Amino acid sequence: MMMTTSRRSSSIVLFLASIAISSFFATAVSAFAPIKSSSRSLHQKSFHNHNKSPSSSTTSLSSSRDKAEQYLSTTYPQFYYLLQQNPTALNLMRNSKSGFTLFAPSNDSIAAYPCNLLSAACNNEDMQPVIAKMASYHIVNAPMSVELLGRYGVASTPGGELMTAVVQHHDEGGGVIMFENGVSVIASYEFQDELVQNVQDGNGNLVESSSVGGGKTCIVHEVDGFVCPEGLWGVLYEYFGEVGE
C-alpha cells in the first residue's frame with residue numbers, strides 16, 4: 001500500500017515538472033521572438049540607408065538681374081529714373097524667366113535734350129502716361145544680343161515694335177545696329193546668373209560643386225539717343241511750351 005502511494009506521488013511530481021518545463025520554454029520563445037523581429041527591421045532599415053541614390057541641387061551665387069540693375073543705376077542714373085516711372089513694365093522685365101534687354105540712352109545723349117525737360121515731365125502728373133510710354137519702348141522681356149537684333153530686324157517691347165537694321169561702315173569691320181529713328185547701339189554689356197550645381201551622396205555629404213549654365217541673361221545696350229517714337233517728345237515740347245507761355 002505504501003509503494004502504491006509512493007508511485008502515485010512520483011507520477012504527480014513528474015507531471016508537474018513537465019508542465020513547468022513547457023511553460024518555461026514557451027516564455028523563453030515569446031521573449032526572444034520580438035528581439036528577432038526588431039533585429040530584422042533594423043537590418044532592413046540599414047540596408048535601405050546604404051542604397052540611397054546621390055542627389056544634386058543648383059544654387060544661385062549671383063543674380064544677373066541685380067547686377068544689370070546695379071550697373072544701370074550707377075552708369076545711367078537719369079535713364080534708370082525714367083524706367084522707374086513705369087512700374088508695370090519694370091516688373092514684367094524683372095519677372096521674366098529668361099532675362100531681359102534694355103536700351104539705355106547714354107548720358108551725353110540725354111544732355112542734348114533741353115535742360116530739365118525729362119525731370120520736369122517725370123514730376124508732372126499730367127505727363128506721367130507719356131513718360132511711362134517712353135520708358136516702355138526701352139525694355140524687351142527677353143535677352144536680345146546685337147546678333148539677334150540684326151537677324152530678326154525687330155525688337156518687341158511693351159510699348160510696341162521697334163524696327164532694327166544692320167548698317168555697314170566702310171571704315172570699320174562689320175556694322176552697327178540702327179533703329180528706325182536713326183539711333184544706334186554704341187556698346188553692349190551682358191550679365192549672367194552665376195549658378196553652382198552641388199552633388200551629394202546618399203548620406204547627404206557634399207561630393208562635388210561645379211559652375212553650370214542655364215540661368216538668366218540680362219543685356220544692356222547703350223544707345224546714342226532715345227529709341228521711342230519722336231512723337232512722344234513732341235507731346236512734351238508742346239505741353240511745356242504752352243505751360244511756359
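## Contacts of His 138

Contact means heavy atoms within 4.5 Å. By this rule, and not counting residues up to four places away in sequence, His 138 touches Phe 79, Thr 101, Leu 102, Phe 103, Pro 105, Phe 226, Val 227 and Cys 228. His 138 lies in the loop between α7 (128-136) and β3 (139-140); helices (H or I, at least four residues) and strands (E, at least two) are DSSP runs, numbered from the N terminus. His 138 has 0% relative accessibility and therefore counts as buried (under 20% relative accessible area, with exposed over 50% and partly exposed in between; 1.4 Å probe, protein chains only).

This is a predicted model, in which local features need pLDDT of at least 70 and side-chain atom pairs count only at pLDDT 80 or more, while totals for chains, interfaces and linings use all residues. Residues are numbered from 1 along each chain as its sequence is written, and side-chain values use heavy atoms, leaving out hydrogens and water.

## Nonpolar core

A nonpolar core is a set of buried Ala, Val, Leu, Ile, Met, Phe, Trp, Tyr and Cys residues joined through side-chain atoms within 4.5 Å. The largest has 46 residues, and Leu 72, Leu 83, Phe 103, Met 134, Trp 233 and Leu 236 touch the most other members. Not counting residues up to four places away in sequence, Trp 233 touches Tyr 113, Leu 117, Leu 118, Met 134, Phe 226 and Cys 228.

## Aromatic pairs

The structure holds 9 aromatic pairs.

Tyr 71 is partly exposed at 22% relative accessible area, whereas Tyr 76 is buried at 2%. Ring pairs link Tyr 71, Tyr 76, Tyr 189 and Phe 191 into a cluster.

Key:
Rings of Phe, Tyr and Trp (its six-membered ring) pair if their centres lie within 6.5 Å; planes under 30 degrees apart count as stacked, over 60 as edge-to-face and the rest as tilted.
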